[in-house]
Amino acid sequence: MLKHIVLAAFITSGSVAAYAQAPQQAASPPAATTAMPAPAASADTRKLIGRNIQNAQNETIGEIKSIHVGTDGKIEAVMVGVGGFLGVGEREVRLAWTDLTVTNNGEKVTVNMTKDQLKAKPEYKYSDQAYRGQVFTDTGPWKAADATRAPTETRPGDTKPADTNVAATASTGDFNADGHMSANALIGTNVRNEARETVGEIEDVYLDTNGAVKVVVVSVGGFLGMGTKNVAVKWSDIKFTRDGNSALLLTTWTKDALKAMPDYKYERRAPVTRSGG
């Protein structure tokens, strides 16, 4: 009997202690979320412009006005309009990409700060007012073609190469002088349907034993690399032609049909250690 009384007292005191600690546990701050790594700029990046920014209470505290892309081709920061009314008295501030949380395929953008904290940030000054409202770099407005062009290909505003003794050659884009398409041009190229709408992007290319392209891996769906899936598409299902100096890839597949395909599972080979000098 005494054993049962002691056991009952122990259980009761443990329950009281647990109950007393409960409010302290509830008051502890939530675990910090892992920052999303900066994605490479793509055509989807422009869709962020005009998105509202919300705080943790789902209150709108600003709107994305412009996007800055770093020298590595990744989104570095966004310029956010805060304050004002109907566009009057509004000012723009800079937020690093790591300050943002993007969910729902880009439909929701949140930041862990209040409206007053956002307004207290220093006003952002554009080096060129023409960059306002655009995706831009330090040298000018960003273009989707910048993401796939060769490193040696230059555009107005680019820094000239240090070695000026190298003979300049005319760029043939995705093709050589004989009109043959570069295999390197396939990676990162959009695949379009018959209406010229983008349905996916080529991520990888596989050749058969004769060296002919057999299968391409296409990423489809998602936003800024989030929520995408990879599917394997027969090269025979894609028709390639040229649009000026650029490759144009067309397919009869729709985006929904591609998304309905099974996920492609990569089987990466181990790197081969080569010997010899």
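Predicted model: local features only at pLDDT ≥ 70, side-chain atom pairs only at ≥ 80, totals over all residues.
Local features were considered at pLDDT of at least 70 and side-chain atom pairs only at pLDDT 80 or more, whereas totals for chains, interfaces and linings use all residues. Residues are numbered from 1 along each chain as its sequence is written, and side-chain values use heavy atoms, with hydrogens and water left out.

Strand β2 (60-69) takes part in several pairings; strands are DSSP runs (E, at least two residues), numbered from the N terminus, and two of them pair if DSSP finds at least two bridges between them. With β1 (52-54), β2 pairs in the antiparallel sense over three bridges, and Gln-54 stands opposite Thr-60 of β2. The β1-β2 hairpin has five residues between its strands, and Asn-58 adopts a positive phi near 65 degrees there. Strand β3 (75-82) is joined to β2 by six bridges, again in the antiparallel sense; within this pair, Ser-66 faces Met-79 of β3. This hairpin also has five residues between its strands, and Gly-73 in the turn shows a positive phi of about 85 degrees. A parallel pairing of two bridges links β2 to strand β7 (residues 135-137), in which Val-135 is the bridge partner of Ile-67. Of the 10 residues of β2, seven are buried, the term denoting a relative accessible area under 20% (1.4 Å probe, protein chains only).

Asn-55 is located in the loop between β1 and β2. With a relative accessible area of 4%, Asn-55 is buried. Its side chain reaches the backbone nitrogen of Glu-59 at 2.9 Å. Contacts of Asn-55 (heavy atoms within 4.5 Å) beyond four places in sequence are made with Ile-61, Thr-110, Val-111 and Met-113.

The largest nonpolar core comprises 22 residues, with Ile-53, Val-80, Leu-95 and Leu-118 having the most contacts inside it. Such a core is a set of buried Ala, Val, Leu, Ile, Met, Phe, Trp, Tyr and Cys residues joined through side-chain atoms within 4.5 Å. Two or more residues are given to this core by each of β2, β3, β4 (91-96), β5 (100-103) and β6 (108-111). Apart from this core lies another, of 14 residues, including Val-191, Ile-202, Ile-238 and Leu-249. In soluble globular proteins, nonpolar side chains tend to be buried together. When residues up to four places away in sequence are not counted, Ile-53 touches, among others, Glu-59, Ile-61, Ile-64, Val-80, Leu-95, Leu-100, Val-109 and Val-111.

Strands β9 (residues 190-192) and β14 (residues 246-251) pair in the parallel sense over two bridges; Leu-250 in β14 is the bridge partner of Arg-192.

Strand β11 (residues 213-220) contains Lys-214. The C-alpha atoms of Lys-214 and Ser-236 are separated by 7.7 Å, the two residues being 22 residues apart along the chain. Leaving aside neighbours within four places in sequence, Lys-214 is in contact with Tyr-206, Leu-207, Asp-208, Lys-234 and Trp-235.

Notes
Helix = DSSP H or I, 4+ residues; strand = E, 2+ residues; numbered from the N terminus. Buried < 20%, exposed > 50% of the residue type's maximum accessible area, 1.4 Å probe, protein only. Polar contact = N/O pair within 3.5 Å; in protein donor to acceptor, adjacent residues only side chain to side chain.
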